Each structure stands twice: as C-alpha cells, then as structure tokens.
Amino acid sequence: MVGPRRFLHALVGLSGLTVGLALHPVAFAAPAQPLLPGSAPATAVPLEPDTAPLRVRIATLSKTSLPASGTLRIRGSVTNTSDETWTTIKLYPFFGDSLAPMSDPAALDAAMDVAFDAQVGERLVNVGSPGLIEVLEPGETASYVVTVPTDALDDALGVANGDPADGGAYWFGVHALGQGGSLPRDNAADGRARTFLPYVPRRTDPVPASLMVPLTHAVLFDDDGSVSDEERWTQRLSPGGRLRDLLTLGQAGAAADVPITWLVDPALLDAIGLMAAGNGPRSLDATPARPSENPTENPTDDPSTDAPEPSEPPEPPVPSGSPSSESTDEPGSTDQTPLADSEVALAAQGWLEAAGDVFAAGQVVALPYGNPDVATTEREAPGLLDLALAQSSSVLGDLGIDPDPIFAAPGGYVDAELAEVTPQGTPLLISDRFLRSPGPSVVRLGGDRLIVTSAGAAEGSPGPGRSVTAVGLRQRVLAEAAVRALPEDPSTTPSPSSPPSTSDSDLADPTEPTPVSASGQPLVVLLPTAWDLSTAEEFFDGLDRSWVSFGPLGTATATTPAAVLGVDDLVDTTDTLRREVDVETFEAVQDLIDTADTLQRVLVGNTGIAARVTEQALSGLSYSIRRQQRVARGSLALSSQWLEERLGSIQVTTSSGVTLSGDSGTFVVTLSNDLDQPVLVSIAAESDSGLTIDPVEPLELAAQSRTSVLLTVTTETSRVHNVVLMVTDSAGQPLGATDQLAIRSVLVSNVIWLIIGVGVGTLFIAIGLRLRRRIVAARRAGPDPA
C-alpha cells in the first residue's frame with residue numbers, strides 16, 4: 001500500500017492533475033490525468049528539491065529512440081541519501097505512453113520544471129528484467145542493470161499493430177522501490193531517474209543539426225608577458241583537465257562521424273601556443289626574418305616542387321613573440337628551435353596536437369580576439385573593438401585553419417545594443433531564450449544574421465532537475481531534434497495567400513510576436529562544458545538517427561531561410577542586471593597597448609613586441625574575466641610597468657646650467673642606452689616662452705652605449721629659463737627619462753646700447769667743439785713774437 005506521507009506528496013506533486021493508482025495490462029501504473037496534446041505536465045513554482053531517499057542515475061541507455069528492436073538495457077547507479085539502511089531495492093523502467101508526447105520545444109522546456117515526485121509514466125513490472133540491490137547503507141552507491149524488450153514499448157504505443165503513434169518525445173526512466181527502517185515497502189517510488197525517449201515515424205525527412213563546443217577561458221599574464229599560473233594550466237591542458245576533455249569530446253564526435261563546430265577565442269589558442277613554446281618572457285631582440293613560404297627562385301622541374309611530400313604531423317606551433325620565435329642562440333640562425341620540455345609546455349604541445357586533429361574534423365568559428373564584451377567595448381572604446389576584430393590567431397594559422405568569424409555572448413545573450421553594434425556580415429549567436437517567440441533557427445534582424453541556439457537542449461533531461469550527463473544531454477538533443485523533424489501541424493501553417501513577412505517594415509509596432517513553427521528548423525546546440533566529459537563516447541553512442549543529420553554550423557544553417565524580425569521581437573532586458581567590463585579596465589588595456597607601441601618604435605629590428613603585448617592586453621576585455629577585473633587590471637598594470645622600466649633604461653643627462661654669451665648658442669647633452677638592444681630615439685625640450693631649442697633628428701644608439709648630442713638654443717631675453725629635456729621615440733612620444741637645466745643669456749639691453757651710443761656721440765661732439773675753440777683761439781692770438 002502507499003504510505004500516508006508519500007501519498008500526500010503524490011497528490012500534490014502535479015499541479016492541476018489528479019494522481020491515482022490503476023493497473024496496466026503489462027505494468028503497474030499511477031497514471032496522471034491526460035494532458036493537453038503537445039504539452040508537458042504543469043507544476044507549481046517554486047519547485048521543491050528532490051527529497052527522495054534514493055537518488056537514481058542513468059549512466060547508459062542502449063536504445064536512444066523508438067521504434068527500435070531487441071532489448072533496451074539501462075545501466076546506472078543508486079545512492080542512499082538518507083540516514084537509514086535500505087534493503088531489497090528493485091528498479092523498474094517506466095514509460096509515459098499514456099500521456100500525450102511532447103511535440104514542440106516549449107513542452108520539453110516545461111518538462112524540466114515538473115516536480116520530482118510527479119507521476120509522468122507507467123511502471124513496467126511484468127516485462128524484462130528489473131534491477132535489484134539487496135542492501136544499501138547510508139551514503140553508499142550501488143550499480144544496477146534493467147532490461148526491457150522494445151516490443152513492450154512498441155505495444156504500448158500501438159505501433160506493433162501497425163497503428164500510427166503520435167510522434168514526439170515520451171517520458172522514460174527508472175523507478176526505485178525499496179524499504180527503509182521507518183518506511184515499509186509500498187508502490188510509491190523511493191527514487192527515480194527521468195529522461196526523454198523520442199519516437200519519430202520511419203521515412204521522416206532528417207532535420208539538420210549542429211553541435212557547438214566553446215573553447216574560451218580567462219587568461220592572465222605575468223609582468224614579463226608569460227602566462228600566469230603554469231601549474232593550473234598544466235592541469236587544464238592535461239588528460240582529465242577541462243580544456244583537454246573538451247578535445248576528448250571532439251575526438252569521440254569524430255569517431256562517431258558527428259562533426260563538431262568549435263567556438264574558439266583566438267587569444268586562448270595563442271596563449272596555449274605560448275606555453276607550448278616554453279612560456280618565456282617577452283623578447284626585445286630583433287625579430288628574425290621568416291623564410292618565404294612561396295619561394296620563386298631557382299625553379300626546377302622536380303615534381304616534388306609541385307606537391308608537398310608526405311610528412312609527419314606538424315609539431316605544435318610556436319606563437320609569434322615567444323622566445324623560440326624571436327631569438328636564437330646565434331643571430332641569423334635558421335635552425336628550428338627545439339621544443340620546450342617543461343610540464344606546461346609538454347601539456348600544451350599535446351593539447352595542440354589533439355586540437356589540430358579535431359579542428360580538421362569539424363568547423364572552427366572564431367570570436368573577436370580576446371572574446372571581448374562587444375557591446376560595452378563598442379560603447380566605451382570602439383577603437384579596441386576594431387583592434388580585436390583585426391587580430392588573428394597565429395596558432396590557427398600554423399595549423400592551417402582559416403576560421404569563420406562569429407559573435408557570441410555568454411549564454412547566448414543578445415539585446416538591442418549588441419545587435420546594433422555587431423558588424424553586418426558576421427553571424428551572431430542568440431539563445432532562443434532571448435526571442436519573444438522562439439521557433440526560427442536563423443533570423444535576420446536589420447542587416448544582421450542571427451543563428452538561434454537551443455537553450456533547452458543544453459540543460460539535459462529532467463533527472464529530476466537538470467540532468468547534465470552524457471545520457472541526459474544526448475536524449476534531450478534527440479528530443480529537440482525529434483520535435484523539429486515532425487511534420488508541421490496544418491493548423492499552424494501560414495496560408496499560401498499570406499506568405500511570411502520578408503521585410504522589417506511589415507513588423508513595425510507588433511502587438512504580439514508572430515509564432516514560427518520549429519518544424520523543419522535546424523537544431524543548433526551550444527553544448528555545456530560542466531559535465532563528465534570522460535563519458536563523451538556514451539553521449540555520441542546512438543546519437544546518429546535517420547531523422548537527424550549532424551553537420552558543421554555552416555552546413556546546417558546555410559540553406560535555411562531567415563525569419564525577418566525586429567528589435568521588438570527580442571526579449572526586453574532593460575531590467576536585467578548584466579555585469580560589464582569597467583571603464584578602468586578599458587583604460588588599463590589602452591595604456592598597455594600605447595606603451596607597447598612606444599617601445600616598438602624605439603627598438604631597432606624588433607617587429608613583434610607591440611603585437612604580442614596587444615594580444616595579451618585584449619584578453620583583459622574578455623567576457624570570461626568580468627568577475628575578476630581587479631585581478632585583470634593588476635596584471636595589466638604590472639605589464640605596463642615592465643615596459644616602462646625598459647623605456648626608462650634610455651636616459652638623457654646634461655649640466656645643471658648653461659650661460660649663453662649672446663642670444664644663441666649650443667650646449668651638450670648625453671644620451672645613454674642601458675638596454676641590450678639598439679634603439680632609435682630623439683630629444684625634446686620643454687621651456688617657458690622666450691627660448692627655443694632646435695629639434696633633433698632621431699638617432700640610433702647601439703646596445704649598452706652612450707653618445708653626446710649638441711643642441712642649439714636661441715633666446716630672446718636675458719632672464720633664466722628652466723628647461724626640461726626628455727627622451728622621445730621617433731614620433732615625439734616621451735619615454736619617461738628626463739633631465740633639467742637652467743639657461744641664461746648675458747645679453748646687453750638695447751637701451752644700454754642706446755645710452756652708450758648717445759654718450760659716445762656726445763663725447764665726440766664735445767671733443768670736436770673743444771678742438772674748434774682751441775683753433776679759433778689760436779688764430780685770434782696771432783703768431784708769437786720772435
């Protein structure tokens with residue numbers, strides 16, 4: 001019998017439904033009142049957590065859809081979450097054939113919110129072989145195996161007799177019944193595992209589908225440009241680490257002939273490439289010239305010049321800017337630099353080798369470099385977004401992969417601002433959760449092409465709750481594909497005399513969103529990454545069905561007509577609190593890039609320092625780093641300080657004061673370069689009005705050297721002028737080093753010269769007058785007597 005406490009739970013488990021006990025020809029059942037066609041059981045909110053004493057999980061499911069033949073075998077585990085010992089635990093399959101199948105994505109979404117103790121199927125007790133666990137102590141987990149002939153499921157649907165069954169997704173799972181210390185055995189389930197079992201009639205046209213896997217991660221750098229926290233990166237890139245297990249997922253997909261579309265942040269790949277090269281610091285040395293990839297000299301008739309010879313797989317690429325690519329033991333050497341052999345380098349090399357294989361087996365779409373917060377970046381620093389769009393991954397280039405550009409925010413978030421700033425011609429991923437009327441898989445919004453992903457497919461099965469496991473995800477993906485493969489309901493098909501709208505003007509000021517049927521629409525799934533990826537083979541086992549055709553994103557959506565929508569068709573996110581990149585972070589990124597550009601102009605022969613620093617700086621704008629922006633800004637500031645210290649190694653010195661003997665003159669200053677690399681610099685001066693120092697042409701200083709420079713100065717006053725001398729790059733940008741001196745001129749005032757001139761003139765006039773008087777006086781006196 002049903003105990004009073006659990007009977008009450010069963011009564012309230014399904015809002016608006018009556019739960020009773022009845023018998024089925026082949027099963028014991030507690031069927032619920034039938035639901036509306038195509039709907040899922042309703043439930044009260046908020047949902048109660050699963051408080052069943054036994055937690056049941058499905059690990060493998062040998063048949064993934066109906067119709068099928070043979071035996072359906074279910075393997076899994078039961079965990080005793082109570083404080084009591086449970087005995088004689090029997091496990092039976094259940095099947096929701098008495099409920100209308102879920103025939104659209106909305107019904108599948110609603111199924112995720114069904115209460116854990118709701119009755120959604122009929123227990124099959126007289127067929128197959130149930131599982132049995134004799135004793136299960138508190139906290140213990142034991143495995144089980146349940147088998148059921150697929151004929152029993154076909155009989156339940158009526159297809160065994162040739163009767164057509166309604167296509168869609170049916171409830172399926174396992175009930176656990178046992179007895180505990182205070183709970184005697186009864187017919188109520190003491191634990192359950194639920195999933196979907198789709199049924200699609202034979203000869204149904206396949207629906208296109210694409211599975212996407214994101215490859216994004218926050219990347220922080222030390223002050224010298226090496227990737228921070230090598231120990232954690234070693235773990236992430238090694239077998240068992242999240243990033244390596246994502247490639248394991250791709251390898252399983254390739255083995256199952258299911259192409260994967262990789263959504264990658266190019267900056268992450270370049271950071272892994274840097275670690276593969278040894279994770280060395282930035283190099284200021286001259287960048288060695290790379291050999292030409294298309295030599296044209298000395299052509300021969302040797303056939304080997306027309307086609308490359310078979311070779312071993314390429315070694316993991318060495319990123320531009322790494323020590324291996326910027327410096328060698330001997331300048332000018334073209335010998336290949338040996339690969340690094342540190343733990344992180346070996347892990348990164350193995351990861352890149354595996355990545356090359358899985359990338360080649362699918363499609364690669366690339367986010368803007370660094371995966372920046374696009375809308376906020378366009379608003380606060382549009383120049384940085386342009387820079388991110390212009391950057392490309394050297395690692396992808398070395399792997400021979402030309403990725404297709406794409407935009408995507410975490411969770412498929414799209415609002416009017418993001419849609420507006422996205423450059424036209426580049427697709428934008430949007431989750432169907434952000435469309436007021438989900439249905440279309442390809443949307444045209446203004447000049448933008450939006451590809452709609454299924455948020456529900458990434459949630460897995462109603463376990464109860466979100467069951468993000470290999471089986472839970474696979475069955476949800478198949479269920480989503482099944483409801484899209486079903487023929488469209490004629491009652492919802494637009495009249496031929498009223499074709500779908502093809503212009504945005506037709507959608508002006510809509511009162512309600514226009515529903516678009518999901519029938520025949522491609523299924524695009526951005527797979528989650530927080531699940532046991534070591535079970536990836538189970539996910540792909542049975543995923544390839546005749547009514548679903550998996551392919552790369554470009555293939556799956558290429559021929560799908562775009563539904564024309566307007567901004568009003570997007571979900572209003574005005575009141576949604578969204579974490580954005582701070583203005584201070586934008587300023588720190590721009591400061592680092594500007595400082596790197598200055599150092600680039602100073603170094604002679606180095607052409608890579610600015611590019612490498614820019615790539616690292618753009619990682620500070622990433623969606624992945626929004627929750628640790630203080631740490632990111634600290635990393636950016638340390639890198640800026642490192643560059644400024646190198647720029648500060650170029651000094652200018654002079655005497656403390658200079659006195660000019662006239663209105664112009666020269667004085668000597670000394671430029672010194674304490675770097676191990678030659679530099680190209682100049683000198684600039686700042687002073688008050690009345691003094692001018694002639695500009696100096698940029699001059700090259702050898703490494704660890706100094707030189708004297710003669711500066712020409714002109715002044716218009718005799719007062720003291722305080723002058724600041726600065727070392728600059730060739731563009732006049734100060735490097736940081738300065739020196740001060742005082743300049744004065746011993747100029748005689750023009751007034752003084754006037755006075756002197758007047759005085760001298762007066763003197764000569766006086767002398768002339770006196771001489772004249774003497775001559776006149778002499779004449780008057782006459783000659784002297786003899």
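This is a short talk on one predicted protein model, from the whole chain down to single residues.

Some ground rules. Residues are numbered from 1 along each chain as its sequence is written, and side-chain values use heavy atoms, with hydrogens and water left out. Because the model is predicted, local features need pLDDT of at least 70 and side-chain atom pairs count only at pLDDT 80 or more, while totals for chains, interfaces and linings use all residues.

I start with the chain. Of its 786 residues, 48% count as buried. Buried means under 20% relative accessible area, exposed means over 50%, and partly exposed is in between, using a 1.4 Å probe and protein chains only. The chain exposes about 37,100 Å², and carbon and sulfur atoms supply 52% of that. Those areas come from the Shrake-Rupley method with a 1.4 Å probe; for residues, only the protein chains shown count as cover. As for contacts (heavy atoms within 4.5 Å), take those in the chain with a separation of 6 or more: residues 24 or more positions apart account for 78% of them.

Next, helix 13, residues 470-485. The expected span of a helix is 1.5 Å times one less than its number of residues. For the 16 residues of helix 13 that gives 22 Å, and the end C-alpha atoms are 22 Å apart, which agrees. Is helix 13 enclosed or open? 16 of its 16 residues are buried, so helix 13 is largely enclosed by the rest of the structure.

Now the strands. Two strands pair if DSSP finds at least two bridges between them. Strand 29 (residues 705-715) runs antiparallel to strand 25 (residues 664-673), with 10 bridges joining them. Valine 669 has valine 709 in strand 29 as its bridge partner. Strand 27 (residues 691-693) is also antiparallel to strand 29, joined by 3 bridges, and isoleucine 693 stands opposite valine 713 in strand 29.

On to the rings. Rings of Phe, Tyr and Trp (its six-membered ring) pair if their centres lie within 6.5 Å; planes under 30 degrees apart are stacked, over 60 edge-to-face, and the rest tilted. The count is 7 aromatic pairs. Tryptophan 531 and phenylalanine 539 have ring centres 5.9 Å apart and planes at 55°, so this pair is tilted. Phenylalanine 539 also pairs with phenylalanine 540, edge-to-face, at 4.9 Å centre to centre and 85° between the planes. Tryptophan 531 is buried at 8% relative accessibility, and phenylalanine 539 is buried at 0%. Elsewhere, Phe95, Tyr170 and Phe172 form one aromatic cluster.

A charge sits over a ring if NZ of Lys or CZ of Arg is within 6 Å of the ring centre and within 35 degrees of the ring normal. The charged end of arginine 236 sits over the ring of tryptophan 233, 4.7 Å from its centre. Arginine 282 does this with tryptophan 642, at 5.0 Å.

Last, a loop residue. Where is serine 228? Serine 228 lies in the loop between strand 11 (207-215) and helix 4 (230-237). With a relative accessible area of 15%, serine 228 is buried. Leaving out residues up to four places away in sequence, serine 228 touches Leu220, Phe221, Asp222 and Trp233.

Notes:
Helix = DSSP H or I, 4+ residues; strand = E, 2+ residues; numbered from the N terminus.
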